[in-house]
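Here is a walk through the contacts between the chains and a few of the charged residues. Have the structure open while you read.

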Amino acid sequence: MSDIDEGLRSELQRQGIWVTSMQELYNWGRKNSIWPLQFGLACCAIEMIATAASRYDIARFGGEVFRPSPRQADLMIVAGTVTKKMAPQIVRLYNQMPDPKYVISMGACAISGGPFKQGYNVLKGIDRYIPVDVYIPGCPPRPEALLHAFMELQRKIDEQKLTGAGKAEHLDPDQPSEFPVPAFGGHDLEPAANADIFRPMKMERNQ
Amino acid sequence: MMESLEQIKSQIESAILGAKIDIVPNAGPSQQSSLLIDNGHARKVAKFLRDHPALRFDFCTNATGVDWLERVVTKKVKVKKIVEGTEKEEEETQQEKIPGYLEAVYHLYSIEHKHGPIIIRLRTDDRGEGTRLPSLTPIWRSAEFQEREIFDLYGIRFEGHPDLRRILMWDEFKDYPMRKDYREPDDYEYEPTPHDDVLEKAKQHYAPRPQLDGAENITAQP
Amino acid sequence: MTVSSQAERSTVEGSRDETFKLTPRDPSTALGMTSKLEGELMEVSMGPQHPSTHGVFRMNVSLDGEIVRKLKPVFGYLHRNHEKIGENTSYLGSMPYTDRLDYFCSMTNNWAYALSVEKLAGIEVPERAEYLRVILAELTRLQNHASLLGFLLSDMGAWGTPLMYAFREREKILDLFESLSGSRMMCDYMRFGGCRVDASAGWLAGAKKIVDAFPKFLDEFEKLIVENEILIARTQEVGKLSADLAISAGITGPMLRACGVNYDIRKVDGYGFYPRFKFRIPLGEHGDTYDRLMMRALEMRESIAILKQAFAQIPAGPIVNPKIKIRAFKPPVGEAYGRIEAPKGELGFYLISDGSSNPYRYRVRPPSFINLTILEDLCLGHTVADVMVILGSVDIVMGEVDR
């Protein structure tokens, strides 16, 4: 959000003077060149590839450069079912991404386990271990839904502040950017969820 | 075309002495009955099925495990009873308790003769300590990964398998998930109105169970 | 460079052919290729996140420089316990889960499951439904093989351009699926005893138009393979598979036919109405990666032939058997194994019924899982770059491998 009066800005623009703020410029550059991490798990990955293909072109949004290495990516689209066997690798990949980084949870499986929720090997949602920015429901969500999520993410990035109280997380030295990796236990992952991130509502069960 | 199951059974029994083969009938419309082979002669029978010139079952399509819990079967049996001084035959319902076991089922086809399928079954002695079966990987290479999967999910140790370790679950996992008495860990999150089986699961917490047959000795092989 | 993967053999149980090794390989005894520089082997884990793997697949390779000495595949990263869910769900409720097995080919997965249940319960399928099934299965095969060629070429370094062309055709076929069944990928279209929705005359006309335009695309696309020097150099004589090892390892599908074994379940079992159509089965001679690719290219042409005949022959009529109850479906006690020729190989379902509305045992026979058995044999002695090419030609989908 700019502090400049819009009327003044448009008047100046008509005179050929372009006024902006550091925050706008910074965010504009970042949101139009998001580099996703090339990382698909299951069926939703195919819809992600279809989004990158010629019909639903993700290149129009600046996101066509899928980086294989997490060190060069800003966005991790978790597309597909997250299993407990795969969860430590996903958290490790997230830790290896440099700040600022974003996560889109694509498909019902990545949000909460999806149709495979009754599974001993299925992690009931990737937001148990890493923070998620945008959720896309669907099984699989259409490519247009992924593009809509991309645009939502761009809107979110646009609204990130650089200074002040509500500043963006990657600029705040107290916010963690790496999260502990779960370990394989005898029956389940240990811990089952990261208590700092995953805070579902508690309900008193009256028996 | 392929001979009937009875003919194949008699061929096997005449070729391999001591083999005990039973026919497990299949009641349904698919008419796919199977041969139950005893564990001692399983490998010899399998090699016979593969190498016999008329049968040539060189293609093992499917190897899978089945878990049969302890069942109670009611049967109507004709029993001679003495009623009012005379012997009569009456029908009585008897209950037979069949102990539980695990099974490995193999579907075999022949590529050379293009016939099939023939289904063979191997049974373990019980569901606890005696879950060992001979591996048929030396006969059909396709059993290699599938027997590892049966070991991973059901807990049947295959003797003679070149590389028996878990394939789908991680190596530190301790349970055999496809068994009928496996209890899932309680990792469901908040459910606004739990009912039916979700509520049942929410009430059960994971309780430690006695481990089966050296399960904790499995380590990751290089 | 021809490196035979059968150089080290062991007699196994007095078998007729010494065709495969079963003991773990000792990396120092190289397969006829000793390296003069003594060095240690480097253990690399390729995956589970890798730009070229087809999903979450991991290979632990031991490398001597660039040469692969040992390769152990690790999977289970997408194990969603489909079989356990199958035991707790009704027969009809498992149909949407079969879509998600091989997520490229949901129609053929549905057909395999419907076929197995129909075998289990002895259900007949009306004619029009069988023709519709054949049409949709062959359309699925077309888009699967085109996508596979696209993926393989992009793994080899063509960076997505052939994939864009393949996906262009795939989108056209997915449009057809969407207008018929309501969903692009997860169609959930077959039912026990027929199909869910009838195809209108307009749909059939649209499908016919797409199929008529397909050979032109195939001509262009095949030129990318047949006349491409780089592809020929990278795929010929790489990853040779002998017919005996393939049969013993349970390989099915185009991979088996590339070794010269004439076994196509459409001809052998004659399920559906395939015996009514005239089509040829392409067979390979060398069993290497190039043959496997050409199998898929040639099978696409045969699929077009089948589709043309099916469009001409399809009759009017009901699309589902009116006698069966779908809702409270309880098949009789028994078991059945039904299989079809899916684009990736033999997809089979083994169902044991105990008379209740849920199956007692629900097993998927996954072609990709079993085709991976000999991955190590194919890759030994080759370089790391060849491993990706070989893996691409095996055509695996992790949804099927791990279920």
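## Where chain A meets chain C

Let's start with one pair of side chains: E178(C) and R142(A) form a salt bridge, with N and O 2.5 Å apart. Keep in mind that this is a predicted model, and that the distances quoted here come from its coordinates. Between chain A and chain C there are 4 salt bridges by the rule used, along with 12 residue pairs in polar contact, both partners being at pLDDT 80 or more.

How much area do chain A and chain C bury between them? The figure is about 3100 Å², and 62% of it is on carbon and sulfur atoms. In residue terms, 35 from chain A and 32 from chain C take part in the contact.

Another salt bridge joins the side chains of R184(C) and E47(A), at 2.9 Å from N to O. This pair also runs between chains: R184(C) sits in the loop between helix 5 (161-181) and strand 4 (190-191) of chain C, while E47(A) belongs to helix 3 of chain A. Are these two residues buried or exposed? Both R184(C) and E47(A) are buried.

## Chain B by itself

Chain B has 4 helices and 9 strands. Trace the chain along its sequence and the elements come in the order α-β-β-α-β-β-β-β-β-β-α-β-α. Of its 222 residues, 50% are buried.

Now look at who touches whom within chain B. Among contacts with a separation of 6 or more, 57% are between residues 24 or more positions apart. The accessible surface of chain B is about 10500 Å², with carbon and sulfur atoms accounting for 49% of it.

## Where chain B meets chain C

Here 56 residues of chain B touch 56 residues of chain C. Together the two chains bury about 4500 Å², and carbon and sulfur atoms supply 56% of that. Which residues of chain B lose the most area to chain C? They are R141(B), F145(B) and L168(B), which together make up 17% of what the chain B side buries.

As for specific interactions, chain B and chain C share 5 salt bridges and 20 residue pairs in polar contact, again with both partners at pLDDT 80 or more. Five elements of chain B give two or more residues to the side that touches chain C: helix 2 (42-51), strand 3 (59-68), strand 6 (101-109), strand 7 (118-123) and helix 3 (143-154). Strand 3 of chain B has the largest share, 10 residues. By type, this side of chain B splits into 26 nonpolar, 14 polar and 16 charged residues.

One of the salt bridges links E149(B) and R363(C), 3.4 Å from N to O. E149(B) is in helix 3 of chain B, and its partner R363(C) lies across the interface in strand 8 (residues 361-365) of chain C. Both E149(B) and R363(C) are buried.

## Inside chain C

Over all chains, the structure has 57 salt bridges. One of them lies within chain C, where E138(C) pairs with R141(C) and the closest N and O atoms are 3.3 Å apart. The two residues are 3 apart in helix 4 of chain C, so about one helical turn separates them. E138(C) counts as buried because its relative accessibility is 0%, and R141(C) is buried too, with a relative accessible area of 0%. The pair is part of a salt-bridge network that also takes in R257(C), D264(C), R266(C), E299(C) and E341(C).

Q143(C) is also in helix 4 of chain C, which covers residues 127-158. Why does Q143(C) count as buried? Its relative accessibility is 1%, and buried means under 20%. The side chain of Q143(C) makes a polar contact of 2.7 Å with that of R170(C). Setting aside neighbours within four places in sequence, Q143(C) touches F104(C), R170(C) and I173(C).

How values were computed
Residues numbered from 1 in each chain as written. Chains lettered and ligands numbered in written order. Predicted model: local features only at pLDDT ≥ 70, side-chain atom pairs only at ≥ 80, totals over all residues. Heavy atoms only, no water. Buried < 20%, exposed > 50% of the residue type's maximum accessible area, 1.4 Å probe, protein only. Contact = heavy atoms within 4.5 Å. Areas by Shrake-Rupley, 256 points an atom, 1.4 Å probe, with all protein chains shown as cover. Buried area = accessible area lost by both parts, 1.4 Å probe. Polar contact = N/O pair within 3.5 Å; in protein donor to acceptor, adjacent residues only side chain to side chain. Nonpolar A, V, L, I, M, F, W, Y, C, P; charged D, E, K, R; others polar.
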